[in-house]
Amino acid sequence: MPEISRFYGLSIRMYVERGERHHLPHFHAIYQGKAAAFLIDTGELVGGYLPLRQRRLVEAWIELHRDELLANWHRLQNDEAAIRIAPLV
């Protein structure tokens with residue numbers, strides 16, 4: 001699963017899905033052994049857990065980079081390399 005960004009101890013990753021594909025574009029945020037999945041279009045947490053502060057950081061980052069996240073989702077699903085996305089600063 002390629003890492004597409006890293007900030008404030010959070011690693012942002014997207015799966016390359018072979019064969020059966022998930023239905024909705026999403027990514028995973030990992031922080032100190034905890035992981036959560038977020039929908040790209042709504043920013044909704046759909047699985048897992050992150051502490052509230054880290055969850056809010058990820059939600060803010062989604063707002064800033066939604067178009068880039070969707071572009072990476074489509075790249076990965078079409079066997080293209082993902083492009084790094086700027087961290088939250």
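How many aromatic pairs does the count come to? The count comes to 4 aromatic pairs, where rings of Phe, Tyr and Trp (its six-membered ring) pair if their centres lie within 6.5 Å, and planes under 30 degrees apart count as stacked, over 60 as edge-to-face and the rest as tilted. Two of these pairs are set out here.

| Pair | Centre to centre | Angle between planes | Class |
|---|---|---|---|
| Phe 7 and Trp 61 | 5.5 Å | 35° | tilted |
| Phe 27 and Phe 38 | 5.7 Å | 20° | stacked |

This is a predicted model, in which local features need pLDDT of at least 70 and side-chain atom pairs count only at pLDDT 80 or more, while totals for chains, interfaces and linings use all residues. Residues are numbered from 1 along each chain as its sequence is written, and side-chain values use heavy atoms, with hydrogens and water left out.

Phe 7 is buried at 4% relative accessibility, and Trp 61 is buried at 0%, where buried means under 20% relative accessible area, exposed over 50%, and partly exposed in between (1.4 Å probe, protein chains only). Phe 27 and Phe 38 are buried as well, and ring pairs join Phe 7, Tyr 8, Phe 27, Phe 38 and Trp 61 into a cluster.

Apart from its neighbours within four places in sequence, Val 58 is in contact (heavy atoms within 4.5 Å) with Leu 10, Ile 12, Phe 27, Ala 29, Phe 38 and Leu 50.

Charged side chains form 6 salt bridges in the whole structure, each being a side-chain nitrogen of Lys or Arg within 4 Å of a carboxyl oxygen of Asp or Glu. Glu 59 is bridged to Arg 55 at 3.1 Å and to Arg 56 at 3.0 Å. Arg 55 and Glu 59 are 4 residues apart in helix H1 (residues 52-77), and therefore separated by about one helical turn. Elsewhere, Glu 3, Arg 6, Arg 13 and Arg 84 are linked in a network of salt bridges.

Key
Helix = DSSP H or I, 4+ residues; strand = E, 2+ residues; numbered from the N terminus.
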